[in-house]
Amino acid sequence: MKNIVQKLAVCAVGSFLIVSTVYAADMGSVSISSPKNGSTVMAGTMVKLIYNVKLGPEGNHLHIYVDEEKPIVVRNVTNCPCSIELPALTAGKHTIVIDQARADHSLTGVKTSIMITAK
């Protein structure tokens with residue numbers, strides 16, 4: 001699915017204002033295929049995160065967060081599906097977020113998240 005962002009462009013021509021719509025198509029995409037949202041994993045073991053990414057024009061790399069901890073920075077996002085081993089999770093509920101980031105590490109707004117339970 002393509003993300004469409006609508007922006008208004010305003011231009012002054014003489015005493016007239018011209019308003020037009022500019023579309024920024026395909027800001028990129030990211031999705032998690034495993035583990036599935038709401039699934040249960042084994043506590044105390046590393047979890048393999050499998051995801052797909054298509055960087056948008058502003059995207060440079062990914063930030064992967066586990067429970068809002070310091071992000072894991074992933075730069076190699078070619079030939080997806082991609083995967084990474086997450087640190088061992090303690091028992092309980094956990095949120096995993098993948099954010100697309102610019103070269104300066106600011107976030108583009110393209111992201112996905114899941115919640116899982118470790119038992």
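## Close-up views of a predicted model

**View 1. Thr-108 sits in strand β10, which spans residues 107–118.** The model shown here and in the views below is predicted. Thr-108 is buried, because its relative accessible area of 12% is under the 20% cut-off. The side chain of Thr-108 makes a polar contact of 2.8 Å with the side chain of Gln-100. A polar atom of the Thr-108 side chain also lies 3.3 Å from the backbone nitrogen of Val-110. Leaving aside residues up to four places away in sequence, Thr-108 touches Met-27, Glu-58, Gly-59, Gln-100, Ala-101 and Arg-102.

**View 2. The peptide bond from Ser-34 to Pro-35 is cis.** Omega is near 0° for this bond. Pro-35 lies in a loop. On one side of that loop is β3 (28–34), and on the other is β4 (40–41). For background, most peptide bonds are trans.

**View 3. A cis peptide bond also runs from Cys-80 to Pro-81.** Here omega is near 20°. Pro-81 is in the loop between β7 (72–74) and β8 (82–86).

**View 4. Asp-67 and Glu-68 have positive phi values.** Most residues other than glycine have a negative phi. Phi of Asp-67 is about 55°, and phi of Glu-68 is near 60°. Neither residue is a glycine. Asp-67 belongs to the loop between β6 (61–66) and β7. Glu-68 is found in the loop between β6 and β7 as well. Are these residues buried or exposed? Asp-67 is partly exposed, because its relative accessible area of 30% falls between the cut-offs of 20% and 50%. Glu-68 is exposed, because its relative accessible area of 78% is over 50%.

**View 5. The largest nonpolar core holds 22 residues.** Which of them touch the most other members? They are Leu-49, Tyr-51, Ile-64, Leu-86 and Ile-98. Strands β3, β5 (47–55), β6, β8, β9 (92–101) and β10 each give two or more residues to this core.

Key: Residues are numbered from 1 along each chain as its sequence is written. This is a predicted model: local features need pLDDT of at least 70, side-chain atom pairs count only at pLDDT 80 or more; totals for chains, interfaces and linings use all residues. Side-chain values use heavy atoms; hydrogens and water are left out. Helices (H or I, at least four residues) and strands (E, at least two) are DSSP runs, numbered from the N terminus. Buried means under 20% relative accessible area, exposed over 50%, partly exposed in between (1.4 Å probe, protein chains only). A polar contact is a pair of N or O atoms within 3.5 Å; within protein, one must be able to donate a hydrogen and the other to accept it, and residues adjacent in sequence count only if both atoms are side-chain atoms. Contact means heavy atoms within 4.5 Å. A nonpolar core is a set of buried Ala, Val, Leu, Ile, Met, Phe, Trp, Tyr and Cys residues joined through side-chain atoms within 4.5 Å.
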